[in-house]
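I opened the file and went through it with a notebook beside me.

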Amino acid sequence: MRIPAHSVCTAIRDDIVSGVFERGGRLTEEVLARRYGVSRVPVREALRTLESEGFVVTRRHAGACVAEPTEQEAADLLEMRMLLEPLGAARAAQRRTEAHLKVLRGLVRLGQERVRRGEGEDLRSLGGWFHETLAQASGSPALIALLTQLRHKIAWMYAVEAPVRPADSWAEHGALVDAVARRDAERARALAAQHAERAAAAHRLRRPDHSVRAAGAARVRSSQHPVNIAGVRH
């Protein structure tokens with residue numbers, strides 16, 4: 001069975017975002033192929049894709065390396081998200097389906113229930129699913145792709161502080177869903193802009209610890225992490 005390059009790409013991207021591969025560290029095809037249990041061909045294709053997304057750079061005499069974005073580049077990503085999420089919400093109000101609404105409302109109910117019970121462990125992942133679903137409801141493949149890429153890169157570059165008043169955050173989610181349900185595009189746009197601005201204030205830039213790079217590289221060379229191929233046809 002041939003493992004598709006997009007599965008390898010996802011695995012490498014996840015390891016970059018989670019810090020398995022340090023910023024500036026080399027990404028050799030041989031080590032990556034061994035880690036994910038694949039040939040070098042899908043690794044090579046995956047690295048090209050990740051370079052186009054800004055996660056990888058090719059350096060003379062070093063080959064593929066994890067990118068090292070500047071503080072300005074990181075700030076630009078947050079600003080782009082603050083511009084694109086309101087557009088996505090407005091499009092969702094115009095194009096959403098009943099299936100989208102059902103999922104969005106279910107996520108809001110679940111989030112609010114977790115807050116009432118004081119169970120905050122899942123709130124961040126629930127919030128991520130909420131915003132992914134809202135983007136999907138926009139019905140715009142280009143916008144969905146941009147927001148998805150921004151989400152990955154922001155998670156890579158920033159740590160996010162938990163909201164002091166999580167109930168307020170989920171109340172904002174609920175109001176946004178109500179606007180989408182009414183197909184009120186301008187109200188959805190305004191609410192999403194306010195929510196994105198407040199969320200951006202909770203982001204703190206991650207500062208890479210270069211002292212652990214050598215130890216991390218040795219760990220990667222000696223580890224194996226088979227690619228998740230669920231859904232891949234034999």
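I began at Glu-68, which is partly exposed at 40% relative accessibility. My classes: buried is under 20% relative accessible area, exposed is over 50%, and partly exposed lies in between, with a 1.4 Å probe and protein chains only. I then looked for the partner of Glu-68 and found a salt bridge with Arg-59, the closest N and O atoms being 2.9 Å apart. Arg-59 is also partly exposed, at 32% relative accessibility. I count a salt bridge when a side-chain nitrogen of Lys or Arg is within 4 Å of a carboxyl oxygen of Asp or Glu.

I noted the ground rules before going on. The model is predicted, so local features need pLDDT of at least 70 and side-chain atom pairs count only at pLDDT 80 or more, while totals for chains, interfaces and linings use all residues. Residues are numbered from 1 along each chain as its sequence is written, and side-chain values use heavy atoms, with hydrogens and water left out.

**Overall layout**

I counted 10 helices and 4 strands in the protein. Helices are DSSP runs of H or I with at least four residues, strands are runs of E with at least two, and both are numbered from the N terminus. From the N terminus on, I read the order as α-α-α-β-β-α-α-α-α-β-α-α-β-α. Of the 234 residues, 42% are buried. I took contact to mean heavy atoms within 4.5 Å. Among contacts with a separation of 6 or more, 77% are between residues 24 or more positions apart.

**More salt bridges**

How many salt bridges are there by this rule? I get 15. One of them joins the side chains of Arg-40 and Glu-29, at 3.4 Å from N to O. It links distant parts of the chain: Arg-40 is in helix α3 and Glu-29 is in helix α2, 11 residues apart. Arg-40 is partly exposed at 43%, whereas Glu-29 is buried at 19%. I also found Glu-29, Arg-40 and Arg-44 linked in a network of salt bridges.

Next I checked Glu-161 and Arg-204, whose side chains meet in a salt bridge at 3.2 Å, N to O. This pair also links distant parts of the chain, with Glu-161 in the loop between β3 and α8 and Arg-204 in strand β4, 43 residues apart. Glu-161 is partly exposed, with a relative accessible area of 42%. Arg-204 is partly exposed too, at 39%.

**Cores**

I looked up the nonpolar cores. Each is a set of buried Ala, Val, Leu, Ile, Met, Phe, Trp, Tyr and Cys residues joined through side-chain atoms within 4.5 Å. The largest has 34 residues, and Ile-12, Ile-16 and Leu-27 touch the most other members. α1 (5-17), α2 (29-36), α3 (40-53), β2 (63-66), α4 (71-95) and α7 (141-157) each supply at least two of its residues. A second, separate core has 23 residues, including Leu-123, Ala-137, Leu-176 and Leu-191.

What does Ile-12 contact beyond its neighbours within four places in sequence? I list Phe-21, Leu-32, Tyr-36, Ala-46, Leu-47 and Leu-50.

**Asp-15**

Asp-15 sits in helix α1. Is Asp-15 buried or exposed? Asp-15 counts as buried, because its relative accessibility is 6%. Its side chain makes a polar contact with the side chain of Tyr-36, at 2.7 Å.

**Helix α4**

I checked the length of α4. Its 25 residues should span 36 Å at 1.5 Å a residue, and its end C-alpha atoms are 36 Å apart, which agrees. The expected span is 1.5 Å times one less than the number of residues. Its buried residues include Ala-74, Leu-77, Leu-78, Arg-81, Leu-84 and Glu-85. Among the elements covering them are α6 (123-137), α7, α8 (166-181) and α9 (185-200).

**Ser-138 and the cysteines**

Ser-138 lies in the loop between α6 and α7. Ser-138 is buried, with a relative accessible area of 0%. Leaving aside neighbours within four places, its contacts include Gly-88, Arg-91, Ala-92 and Arg-95.

Last, I searched the whole structure for disulfides, meaning cysteine sulfur atoms within 2.5 Å, and found 0. Cys-9 is buried at 5%, and Cys-65 is buried at 1%.

Notes
Polar contact = N/O pair within 3.5 Å; in protein donor to acceptor, adjacent residues only side chain to side chain.
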